[in-house]
Amino acid sequence: MVTFAVKAIFVWFGRAAFMTNGSYKILIVEDDQNLRVTLTELIRLEGYSVLTARDGDEGFAQAIEHQPDLIITDLNMPVVDGVEMAQMIRRENGKVRAVPIIALSANLNGYQLPEKVNSGIDRFVDKSLGNRQILMTTIKSFLISSEITL
């Protein structure tokens with residue numbers, strides 16, 4: 001009886017509202033290898049699939065090839081920085097253009113955020129705070145809102 005009720009809820013609300021975390025692909029773009037590995041493990045522990053890139057150029061290529069559900073990027077990186085990568089992604093056609101982008105930086109105060117608001121980045125998170133819960137809440141809020149728009 002309980003199994004039937006659960007199946008009925010799935011049918012009623014549809015697939016989108018009940019996707020497991022493993023159904024999501026998150027791209028992490030971070031030049032600091034230690035932080036990239038730490039973020040990867042943290043996000044995998046939450047049950048998400050993770051792709052990684054070392055800079056914005058590699059991140060852009062990964063985003064086009066793998067079509068992630070969310071991108072987390074550092075702002076200050078060699079080759080192509082996080083803002084430029086976000087702008088490149090927003091110029092693309094198709095699904096990747098609308099992927100939520102979260103930018104991490106240890107120096108948000110010095111990054112001139114008012115000028116970056118229209119850069120294509122959806123949320124800025126201060127990684128110097130080291131607050132895992134803020135990042136995970138932000139990730140979940142973007143993934144839930146993308147489910148609603150399916």
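**Close-up views of the predicted model**

View 1. Helices (H or I, at least four residues) and strands (E, at least two) are DSSP runs numbered from the N terminus. This is a predicted model, in which local features need pLDDT of at least 70, side-chain atom pairs count only at pLDDT 80 or more, and totals for chains, interfaces and linings use all residues. Residues are numbered from 1 along each chain as its sequence is written, and side-chain values use heavy atoms, without hydrogens and water.

View 2. Arg-36, Leu-39, Thr-40, Leu-42 and Ile-43 are buried (under 20% relative accessible area, 1.4 Å probe, protein chains only).

**View 3. The structure holds one aromatic pair.** The ring centres of Tyr-24 and Tyr-48 are 6.2 Å apart and the planes meet at 50°, so the pair is tilted (centres within 6.5 Å; planes under 30 degrees apart count as stacked, over 60 as edge-to-face, the rest as tilted). Tyr-24 lies in the loop between helix 1 (2-13) and strand 1 (25-29), and Tyr-48 in the loop between helix 2 (33-45) and strand 2 (49-53). Both tyrosines, Tyr-24 and Tyr-48, are buried.

Conventions: Rings of Phe, Tyr and Trp (its six-membered ring) pair if their centres lie within 6.5 Å; planes under 30 degrees apart count as stacked, over 60 as edge-to-face and the rest as tilted. Buried means under 20% relative accessible area, exposed over 50%, partly exposed in between (1.4 Å probe, protein chains only).
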